[in-house]
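I opened the model today and kept notes as I went. The entries follow in the order of looking.

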Amino acid sequence: MTMSQLLKKIIQNSIKGKKYVIGSKEVLSSIKNSKLIIISKLIKNNITNKILSEAKNEKIPILFIENQNLKLEKISNIQFRVSIMSITSSNDQDVKSLLQAAKTITLNQQYII
């Protein structure tokens with residue numbers, strides 16, 4: 001399974017089970033319940049910096065999406081722009097596989113596709 005397919009599977013399963021949070025403020029307020037945070041590389045703001053800091057403190061992995069073909073709203077079938085998403089429940093092995101396949105860009109739990 002490719003990284004794109006695995007990411008799609010994780011997101012779609014989370015949406016079916018209503019185990020996700022979208023939006024910067026919402027993700028920040030529920031960060032302790034997160035298994036994985038997915039951020040579009042297009043987003044840069046103060047809230048994102050707070051999310052990165054909190055996620056690092058809580059040791060929650062962050063996956064940055066650079067690939068324009070992997071738009072979160074398209075994968076999740078949400079009808080509005082999504083730049084940040086938190087997965088609150090997922091198959092841990094799927095998340096580990098996705099992160100192992102992603103290129104590590106730093107040592108503090110941040111990955112990039």
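**Entry 1: Ser 34**

I looked up Ser 34 first. Its relative accessibility is 10%, so Ser 34 counts as buried (buried is under 20% relative accessible area, exposed over 50%, partly exposed in between, with a 1.4 Å probe and protein chains only). Ser 34 sits in the loop between helix 2 (24–29) and strand 2. Helices (H or I, at least four residues) and strands (E, at least two) are DSSP runs, numbered from the N terminus.

For the record, this is a predicted model: local features need pLDDT of at least 70, side-chain atom pairs count only at pLDDT 80 or more, and totals for chains, interfaces and linings use all residues. Residues are numbered from 1 along each chain as its sequence is written, and side-chain values use heavy atoms, with hydrogens and water left out.

Which side chain makes a polar contact with that of Ser 34? I found Ser 86, at 2.4 Å. A polar contact is a pair of N or O atoms within 3.5 Å; within protein, one must be able to donate a hydrogen and the other to accept it, and residues adjacent in sequence count only if both atoms are side-chain atoms.

I then listed what Ser 34 touches, not counting residues up to four places away in sequence: Ile 60, Ser 86, Ile 87 and Thr 88. Contact means heavy atoms within 4.5 Å.

**Entry 2: Ser 86 and strand 4**

I went to the partner next. Ser 86 belongs to strand 4. Its relative accessible area is 0%, so Ser 86 is buried. I left aside neighbours within four places in sequence and found Ser 86 in contact with Lys 19, Tyr 20, Val 21, Val 27, Ser 34, Leu 36 and Ile 37.

Which residues of strand 4 are buried on each side? I noted Ile 84 and Ser 86 on one side, Met 85 and Ile 87 on the other. Both faces of the strand are covered.

I checked the pairing too (two strands pair if DSSP finds at least two bridges between them). Strand 1 pairs with strand 4 in the antiparallel sense over 3 bridges. Here Tyr 20 stands opposite Ile 87. Strand 2 also pairs with strand 4, again antiparallel, over 4 bridges. There I found Ile 38 opposite Met 85.

**Entry 3: helix 1**

Helix 1 covers residues 3–16, 14 residues in all. From first C-alpha to last, helix 1 reaches 20 Å, close to the 20 Å expected at 1.5 Å a residue. The expected span is 1.5 Å times one less than the number of residues.

The buried residues of helix 1 are Leu 6, Leu 7, Ile 10, Ile 11 and Ser 14. Down the axis of helix 1 they fall within an arc of 130°, so they line one face of the helix. The arc is that of the directions from the helix axis to the C-beta atoms. I looked up their packing partners, which include strand 1 (20–22), strand 2 (36–40) and helix 5 (92–101).

Lys 8 is also in helix 1. At 40% relative accessibility, Lys 8 counts as partly exposed. Just after the helix, Lys 18 takes a positive phi of about 55°.

**Entry 4: helix 5**

I found Asp 94, Val 95, Leu 98 and Leu 99 buried in helix 5. They cover an arc of only 130° around the axis, which puts them on the same side of helix 5. Their cover includes helix 1, strand 2, strand 3 and strand 6 (110–112). At the start of helix 5, a side-chain oxygen of Asn 91 comes to within 2.8 Å of the backbone nitrogen of Gln 93.

**Entry 5: cores**

Which residues touch the most other members of the largest nonpolar core? I noted Leu 7, Ile 11, Leu 36 and Ile 38, out of 20 residues. A nonpolar core is a set of buried Ala, Val, Leu, Ile, Met, Phe, Trp, Tyr and Cys residues joined through side-chain atoms within 4.5 Å. Helix 1 gives the most to this core, with 4 residues. I also found a second, separate core of 14 residues, including Val 21, Ile 39, Ile 51 and Phe 64.
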